[in-house]
Amino acid sequence: MPIRLLEDNLINKIAAGEVIERPASVVKELVENSIDAGSTRINVRIAGGGVDLIEVEDNGCGIPAQDVGTALQRHATSKITCAEDLFNINTMGFRGEALPSIASVSRLELYTRYADEPGARVTAAGGTIQDTEAFPGPEGTRIVVRELFFNTPVRKKFLKSPVTEQSHIYDIMSKLALSRPDISFSLNSEKKLYFKTPGNGNLRDVLIAINGKDFAEQFIDLKISGETCSAYGLITRPEFHRINRKNQIFYVNNRIIKSPMLARAVDEGYKGLLLSREYPGVIVFLTIAPGEVDINVHPQKTELRFTDEGPIFRLLSRGIRDTVNGLAINWRENYRE
Ligand code: ADP
Ligand code: MG
(Lines give C-alpha, C1' and ligand atoms only; values in the text may rest on other atoms or scores of the structure.)
(Ligands and ions follow the chains in the order given, each with its own letter.)
Protein backbone atom coordinates (compact mmCIF):
# COMPACT_ATOMS: atom_id res chain seq x y z
CA MET A 1 0.00 0.00 0.00
CA PRO A 2 1.34 3.46 -0.81
CA ILE A 3 1.91 5.81 2.12
CA ARG A 4 -0.13 8.99 2.00
CA LEU A 5 -0.58 12.05 4.14
CA LEU A 6 -4.06 12.03 5.61
CA GLU A 7 -6.55 14.61 4.51
CA ASP A 8 -7.06 17.49 7.00
CA ASN A 9 -10.66 16.62 7.68
CA LEU A 10 -9.72 13.06 8.59
CA ILE A 11 -6.88 14.27 10.85
CA ASN A 12 -9.38 16.50 12.64
CA LYS A 13 -11.73 13.61 13.18
CA ILE A 14 -8.89 11.59 14.68
CA ALA A 15 -7.97 14.50 16.97
CA ALA A 16 -11.64 14.84 17.91
CA GLY A 17 -11.43 11.26 19.18
CA GLU A 18 -8.91 12.44 21.77
CA VAL A 19 -10.17 15.90 22.66
CA ILE A 20 -13.92 15.50 22.26
CA GLU A 21 -14.93 12.48 24.25
CA ARG A 22 -18.48 13.57 24.96
CA PRO A 23 -20.73 16.67 24.94
CA ALA A 24 -19.17 17.92 28.19
CA SER A 25 -15.79 18.12 26.42
CA VAL A 26 -17.30 20.45 23.82
CA VAL A 27 -18.68 22.65 26.59
CA LYS A 28 -15.29 22.73 28.32
CA GLU A 29 -13.38 23.67 25.17
CA LEU A 30 -15.84 26.35 24.07
CA VAL A 31 -16.13 27.91 27.52
CA GLU A 32 -12.34 27.93 27.92
CA ASN A 33 -12.12 29.80 24.63
CA SER A 34 -14.64 32.32 25.97
CA ILE A 35 -12.54 32.71 29.13
CA ASP A 36 -9.39 33.25 27.05
CA ALA A 37 -11.28 35.90 25.07
CA GLY A 38 -11.58 38.03 28.22
CA SER A 39 -15.35 37.59 28.61
CA THR A 40 -17.16 38.75 31.75
CA ARG A 41 -20.35 36.89 30.87
CA ILE A 42 -20.64 33.35 29.45
CA ASN A 43 -24.02 31.75 28.80
CA VAL A 44 -24.40 28.09 27.92
CA ARG A 45 -27.56 26.49 26.59
CA ILE A 46 -27.98 22.77 25.98
CA ALA A 47 -30.60 20.36 24.65
CA GLY A 48 -30.72 16.58 24.54
CA GLY A 49 -27.77 16.14 26.91
CA GLY A 50 -25.69 18.35 24.62
CA VAL A 51 -26.01 16.00 21.64
CA ASP A 52 -28.82 17.96 20.01
CA LEU A 53 -27.53 21.40 20.93
CA ILE A 54 -24.72 23.18 22.73
CA GLU A 55 -24.67 26.94 22.48
CA VAL A 56 -21.99 29.07 24.11
CA GLU A 57 -22.36 32.82 23.98
CA ASP A 58 -19.80 35.28 25.35
CA ASN A 59 -19.07 38.99 25.43
CA GLY A 60 -15.34 38.55 24.83
CA CYS A 61 -13.05 40.11 22.26
CA GLY A 62 -14.51 38.27 19.25
CA ILE A 63 -12.61 36.98 16.22
CA PRO A 64 -11.54 39.30 13.39
CA ALA A 65 -13.75 38.58 10.36
CA GLN A 66 -10.76 37.64 8.20
CA ASP A 67 -9.76 34.92 10.72
CA VAL A 68 -13.06 33.10 11.18
CA GLY A 69 -12.20 30.43 8.60
CA THR A 70 -8.69 29.99 10.01
CA ALA A 71 -10.05 29.49 13.54
CA LEU A 72 -11.68 26.27 12.31
CA GLN A 73 -8.39 24.97 10.93
CA ARG A 74 -6.08 22.61 12.70
CA HIS A 75 -3.21 24.04 14.76
CA ALA A 76 -4.59 27.53 14.26
CA THR A 77 -4.23 29.53 17.46
CA SER A 78 -3.79 33.15 18.48
CA LYS A 79 -2.41 32.10 21.88
CA ILE A 80 1.15 30.90 21.33
CA THR A 81 3.62 31.76 18.62
CA CYS A 82 6.89 30.01 19.49
CA ALA A 83 8.26 26.99 21.38
CA GLU A 84 9.26 29.08 24.42
CA ASP A 85 5.61 30.02 24.87
CA LEU A 86 4.86 26.35 25.57
CA PHE A 87 6.69 26.63 28.88
CA ASN A 88 4.89 29.76 29.94
CA ILE A 89 1.24 29.30 29.16
CA ASN A 90 -1.23 31.76 30.62
CA THR A 91 -4.27 30.81 28.57
CA MET A 92 -6.57 27.79 28.86
CA GLY A 93 -6.06 26.87 25.20
CA PHE A 94 -2.91 26.74 23.10
CA ARG A 95 -3.10 23.61 20.96
CA GLY A 96 -5.39 25.03 18.29
CA GLU A 97 -7.30 21.76 18.20
CA ALA A 98 -10.68 22.37 19.77
CA LEU A 99 -12.61 24.23 17.10
CA PRO A 100 -11.49 22.07 14.15
CA SER A 101 -12.12 18.91 16.20
CA ILE A 102 -15.61 19.99 17.25
CA ALA A 103 -16.43 21.20 13.74
CA SER A 104 -15.36 17.85 12.25
CA VAL A 105 -17.95 15.89 14.26
CA SER A 106 -20.95 18.26 14.27
CA ARG A 107 -22.86 20.96 12.44
CA LEU A 108 -21.40 24.21 13.68
CA GLU A 109 -22.34 27.86 13.39
CA LEU A 110 -20.03 30.57 14.64
CA TYR A 111 -21.16 34.18 15.02
CA THR A 112 -18.63 36.74 16.10
CA ARG A 113 -17.90 40.43 16.14
CA TYR A 114 -14.47 41.88 16.81
CA ALA A 115 -13.97 45.49 17.95
CA ASP A 116 -15.41 47.97 15.43
CA GLU A 117 -15.87 45.44 12.65
CA PRO A 118 -19.35 44.65 11.32
CA GLY A 119 -19.26 40.98 12.44
CA ALA A 120 -19.15 37.64 10.66
CA ARG A 121 -20.71 34.21 10.53
CA VAL A 122 -19.27 30.89 9.44
CA THR A 123 -21.04 27.57 9.14
CA ALA A 124 -19.54 24.11 8.81
CA ALA A 125 -20.86 20.56 8.58
CA GLY A 126 -18.64 17.61 9.44
CA GLY A 127 -15.63 19.92 9.24
CA THR A 128 -16.34 21.30 5.78
CA ILE A 129 -16.83 25.05 5.78
CA GLN A 130 -20.05 25.88 4.01
CA ASP A 131 -20.44 29.62 4.27
CA THR A 132 -18.51 32.60 5.49
CA GLU A 133 -20.32 35.90 5.37
CA ALA A 134 -20.63 39.30 6.98
CA PHE A 135 -23.23 39.13 9.74
CA PRO A 136 -24.10 41.88 12.20
CA GLY A 137 -24.35 40.98 15.88
CA PRO A 138 -23.27 41.98 19.37
CA GLU A 139 -19.58 42.16 20.27
CA GLY A 140 -18.33 38.74 21.34
CA THR A 141 -18.81 35.25 20.03
CA ARG A 142 -21.65 32.76 19.87
CA ILE A 143 -20.98 29.19 18.82
CA VAL A 144 -23.80 26.76 18.13
CA VAL A 145 -23.00 23.06 17.91
CA ARG A 146 -25.75 20.74 16.69
CA GLU A 147 -26.00 17.00 16.10
CA LEU A 148 -22.76 16.11 17.82
CA PHE A 149 -21.15 12.92 16.44
CA PHE A 150 -23.72 12.71 13.60
CA ASN A 151 -20.95 11.47 11.30
CA THR A 152 -19.17 9.25 13.85
CA PRO A 153 -21.89 6.71 14.73
CA VAL A 154 -19.56 4.55 16.81
CA ARG A 155 -18.67 7.45 19.10
CA LYS A 156 -22.32 8.35 19.35
CA LYS A 157 -23.21 4.82 20.37
CA PHE A 158 -20.85 5.00 23.33
CA LEU A 159 -22.59 8.05 24.80
CA LYS A 160 -24.70 7.55 27.88
CA SER A 161 -28.30 8.70 28.31
CA PRO A 162 -29.06 12.43 27.81
CA VAL A 163 -29.55 12.73 31.58
CA THR A 164 -26.07 11.35 32.26
CA GLU A 165 -24.43 13.46 29.55
CA GLN A 166 -26.21 16.50 30.97
CA SER A 167 -24.87 15.75 34.43
CA HIS A 168 -21.33 15.69 33.01
CA ILE A 169 -22.00 19.10 31.48
CA TYR A 170 -23.33 20.38 34.79
CA ASP A 171 -20.21 19.08 36.51
CA ILE A 172 -17.73 20.72 34.15
CA MET A 173 -19.72 23.98 34.09
CA SER A 174 -19.67 24.19 37.90
CA LYS A 175 -15.92 23.62 37.94
CA LEU A 176 -15.36 26.27 35.29
CA ALA A 177 -17.63 28.73 37.10
CA LEU A 178 -15.82 28.13 40.41
CA SER A 179 -12.49 28.74 38.67
CA ARG A 180 -13.51 32.28 37.71
CA PRO A 181 -15.67 34.04 40.30
CA ASP A 182 -15.04 37.25 38.34
CA ILE A 183 -17.03 35.93 35.37
CA SER A 184 -20.80 35.42 35.38
CA PHE A 185 -21.67 31.95 34.05
CA SER A 186 -25.10 30.56 33.33
CA LEU A 187 -26.23 27.08 32.35
CA ASN A 188 -29.67 26.59 30.80
CA SER A 189 -31.63 23.87 29.08
CA GLU A 190 -34.75 24.48 26.99
CA LYS A 191 -36.93 25.01 30.01
CA LYS A 192 -34.68 25.39 32.96
CA LEU A 193 -31.99 27.64 34.40
CA TYR A 194 -29.57 25.37 36.28
CA PHE A 195 -27.48 28.14 37.74
CA LYS A 196 -26.23 31.63 37.18
CA THR A 197 -23.22 32.88 39.08
CA PRO A 198 -22.99 36.57 40.01
CA GLY A 199 -19.53 37.31 38.58
CA ASN A 200 -18.67 39.51 41.58
CA GLY A 201 -15.27 37.93 42.26
CA ASN A 202 -16.33 36.05 45.40
CA LEU A 203 -15.68 32.28 45.38
CA ARG A 204 -18.16 31.55 48.17
CA ASP A 205 -20.92 33.34 46.24
CA VAL A 206 -20.23 31.07 43.26
CA LEU A 207 -20.60 28.02 45.50
CA ILE A 208 -23.86 29.42 46.91
CA ALA A 209 -25.22 30.09 43.41
CA ILE A 210 -24.46 26.52 42.34
CA ASN A 211 -25.00 24.40 45.46
CA GLY A 212 -27.05 26.58 47.77
CA LYS A 213 -26.35 28.29 51.06
CA ASP A 214 -26.55 25.25 53.37
CA PHE A 215 -23.88 23.41 51.40
CA ALA A 216 -21.63 26.47 51.17
CA GLU A 217 -21.81 26.91 54.95
CA GLN A 218 -20.01 23.60 55.40
CA PHE A 219 -16.85 25.20 53.98
CA ILE A 220 -14.16 27.26 55.67
CA ASP A 221 -11.47 29.38 54.02
CA LEU A 222 -8.08 27.92 53.17
CA LYS A 223 -5.06 30.10 52.55
CA ILE A 224 -1.50 28.79 52.48
CA SER A 225 1.70 30.22 51.12
CA GLY A 226 4.92 28.34 50.59
CA GLU A 227 8.20 28.90 48.83
CA THR A 228 7.51 27.36 45.46
CA CYS A 229 3.75 27.37 45.55
CA SER A 230 0.73 28.83 47.28
CA ALA A 231 -2.84 27.70 47.67
CA TYR A 232 -6.23 29.05 48.61
CA GLY A 233 -9.80 27.89 48.43
CA LEU A 234 -12.56 26.39 50.52
CA ILE A 235 -12.44 23.15 52.52
CA THR A 236 -15.13 21.44 54.56
CA ARG A 237 -15.37 21.38 58.34
CA PRO A 238 -14.27 18.07 59.86
CA GLU A 239 -17.83 17.02 60.61
CA PHE A 240 -18.71 17.06 56.90
CA HIS A 241 -17.93 14.03 54.77
CA ARG A 242 -19.11 12.14 51.74
CA ILE A 243 -18.66 8.60 50.47
CA ASN A 244 -16.63 9.62 47.41
CA ARG A 245 -14.35 12.36 46.09
CA LYS A 246 -17.03 14.10 44.00
CA ASN A 247 -16.71 17.24 46.11
CA GLN A 248 -12.95 17.49 45.65
CA ILE A 249 -11.90 19.91 42.97
CA PHE A 250 -8.32 20.91 42.22
CA TYR A 251 -7.01 23.68 40.06
CA VAL A 252 -3.40 24.29 39.18
CA ASN A 253 -2.80 27.76 37.83
CA ASN A 254 -6.56 27.97 37.42
CA ARG A 255 -6.83 24.86 35.27
CA ILE A 256 -9.04 21.94 36.37
CA ILE A 257 -6.70 19.08 37.20
CA LYS A 258 -7.03 15.42 38.14
CA SER A 259 -4.23 14.54 40.51
CA PRO A 260 -4.00 11.50 42.77
CA MET A 261 -1.10 13.21 44.54
CA LEU A 262 -3.24 16.21 45.54
CA ALA A 263 -6.09 13.90 46.64
CA ARG A 264 -3.61 12.02 48.88
CA ALA A 265 -2.43 15.33 50.34
CA VAL A 266 -6.04 16.12 51.30
CA ASP A 267 -6.42 12.69 52.97
CA GLU A 268 -3.23 13.35 54.88
CA GLY A 269 -4.53 16.77 55.99
CA TYR A 270 -7.73 15.29 57.43
CA LYS A 271 -6.03 12.23 58.91
CA GLY A 272 -7.44 11.37 62.33
CA LEU A 273 -10.52 13.48 61.74
CA LEU A 274 -12.28 11.28 59.22
CA LEU A 275 -12.63 7.53 58.86
CA SER A 276 -11.06 5.66 55.98
CA ARG A 277 -13.92 5.89 53.47
CA GLU A 278 -15.05 9.37 54.48
CA TYR A 279 -14.03 12.13 52.12
CA PRO A 280 -14.06 15.86 52.77
CA GLY A 281 -15.05 18.45 50.19
CA VAL A 282 -12.30 20.73 48.94
CA ILE A 283 -11.98 23.40 46.30
CA VAL A 284 -8.27 24.10 46.08
CA PHE A 285 -6.49 26.56 43.84
CA LEU A 286 -2.74 26.01 43.62
CA THR A 287 -0.49 28.60 42.11
CA ILE A 288 2.86 27.31 40.90
CA ALA A 289 5.44 28.99 38.69
CA PRO A 290 4.48 27.95 35.12
CA GLY A 291 7.97 26.55 34.62
CA GLU A 292 7.45 24.09 37.53
CA VAL A 293 4.56 22.24 35.84
CA ASP A 294 4.16 20.71 32.40
CA ILE A 295 0.56 20.90 31.23
CA ASN A 296 1.26 19.64 27.71
CA VAL A 297 0.94 16.00 28.77
CA HIS A 298 -2.57 15.17 27.71
CA PRO A 299 -4.84 16.43 24.88
CA GLN A 300 -7.62 17.32 27.33
CA LYS A 301 -5.09 19.11 29.55
CA THR A 302 -6.55 17.59 32.73
CA GLU A 303 -3.32 15.92 33.78
CA LEU A 304 0.02 17.54 34.41
CA ARG A 305 3.52 16.82 35.58
CA PHE A 306 4.98 18.60 38.60
CA THR A 307 8.73 19.08 38.45
CA ASP A 308 8.90 18.33 42.18
CA GLU A 309 5.87 16.81 43.92
CA GLY A 310 7.24 16.59 47.48
CA PRO A 311 7.05 20.25 48.53
CA ILE A 312 3.56 20.62 47.04
CA PHE A 313 2.28 17.54 48.87
CA ARG A 314 3.70 18.76 52.18
CA LEU A 315 2.46 22.32 51.76
CA LEU A 316 -1.10 21.24 51.00
CA SER A 317 -1.40 18.50 53.62
CA ARG A 318 0.06 20.68 56.39
CA GLY A 319 -1.91 23.72 55.33
CA ILE A 320 -5.14 21.75 55.42
CA ARG A 321 -4.30 20.11 58.74
CA ASP A 322 -3.50 23.45 60.39
CA THR A 323 -6.63 25.07 58.99
CA VAL A 324 -8.91 22.26 60.11
CA ASN A 325 -7.20 21.92 63.49
CA GLY A 326 -7.47 25.63 64.16
CA LEU A 327 -11.15 25.27 63.70
CA ALA A 328 -11.35 22.16 65.86
CA ILE A 329 -9.64 23.97 68.76
CA ASN A 330 -12.04 26.89 68.59
CA TRP A 331 -14.92 24.52 68.49
CA ARG A 332 -13.73 22.72 71.65
CA GLU A 333 -13.26 26.01 73.47
CA ASN A 334 -16.74 27.12 72.57
CA TYR A 335 -18.01 23.80 73.70
CA ARG A 336 -16.42 24.14 77.15
CA GLU A 337 -18.06 27.48 77.90
P1 ADP B 1 -6.86 27.29 21.06
O2 ADP B 1 -7.85 27.66 22.10
O3 ADP B 1 -5.97 26.17 21.50
O4 ADP B 1 -6.09 28.47 20.54
P5 ADP B 1 -9.18 26.61 19.47
O6 ADP B 1 -9.33 25.69 18.33
O7 ADP B 1 -9.95 26.35 20.69
O8 ADP B 1 -7.63 26.67 19.80
O9 ADP B 1 -9.51 28.07 18.96
C10 ADP B 1 -8.79 28.60 17.84
C11 ADP B 1 -8.70 30.11 17.91
O12 ADP B 1 -10.01 30.69 17.66
C13 ADP B 1 -8.26 30.69 19.24
O14 ADP B 1 -6.85 30.73 19.37
C15 ADP B 1 -8.89 32.08 19.21
O16 ADP B 1 -8.06 32.97 18.50
C17 ADP B 1 -10.17 31.89 18.39
N18 ADP B 1 -11.37 31.74 19.26
C19 ADP B 1 -12.03 30.60 19.54
N20 ADP B 1 -13.10 30.83 20.35
C21 ADP B 1 -13.11 32.16 20.59
C22 ADP B 1 -13.98 33.03 21.37
N23 ADP B 1 -15.04 32.57 22.05
N24 ADP B 1 -13.68 34.36 21.37
C25 ADP B 1 -12.60 34.84 20.68
N26 ADP B 1 -11.76 34.06 19.96
C27 ADP B 1 -12.00 32.75 19.89
MG1 MG C 1 -9.39 26.48 22.79
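How far apart do the C-alpha centres of domain 1 and domain 2 lie? In this predicted model, the distance between the two centres is 30 Å.

**View 1. The two domains of the protein.** Domain 1 covers residues 8–196, and domain 2 covers residues 218–336. Where they meet, 11 residues of domain 1 are in contact with 12 residues of domain 2.

**View 2. The side of domain 1 that touches domain 2.** Helices α1 (residues 8–19) and α6 each supply at least two residues of this side. The largest share, 3 residues, comes from α6. By residue type, the side divides into 6 nonpolar, 3 polar and 2 charged residues.

**View 3. Helix α6.** This helix runs over residues 162–179, which makes 18 residues. From its first C-alpha to its last it reaches 26 Å, close to the 26 Å expected at 1.5 Å a residue. Several residues of α6 are buried, including E165, H168, I169, I172 and L176. An α-helix has 3.6 residues a turn, so residues three or four places apart point the same way. The end of the list of buried residues in α6 includes A177, L178 and S179.

**View 4. The shell around ligand 1.** There are 22 residues around ligand 1, and N33, A37, T77, G93 and A98 come nearest. The elements that give two or more residues to this shell are α2 (residues 23–36) and α4 (residues 98–104). Helix α2 gives the most, with 3 residues. What kinds of residue make up the shell around ligand 1? They divide into 8 nonpolar, 9 polar and 5 charged.

Technical notes: Residues numbered from 1 in each chain as written. Chains lettered and ligands numbered in written order. Predicted model: local features only at pLDDT ≥ 70, side-chain atom pairs only at ≥ 80, totals over all residues. Helix = DSSP H or I, 4+ residues; strand = E, 2+ residues; numbered from the N terminus. Expected span 1.5 Å × (residues − 1). Buried ≥ 20, exposed ≤ 12 C-beta atoms within 10 Å, placed from the backbone. Domains from an automatic or database assignment. Contact = placed C-beta atoms within 7 Å. Nonpolar A, V, L, I, M, F, W, Y, C, P; charged D, E, K, R; others polar. Near = placed C-beta within 6 Å.
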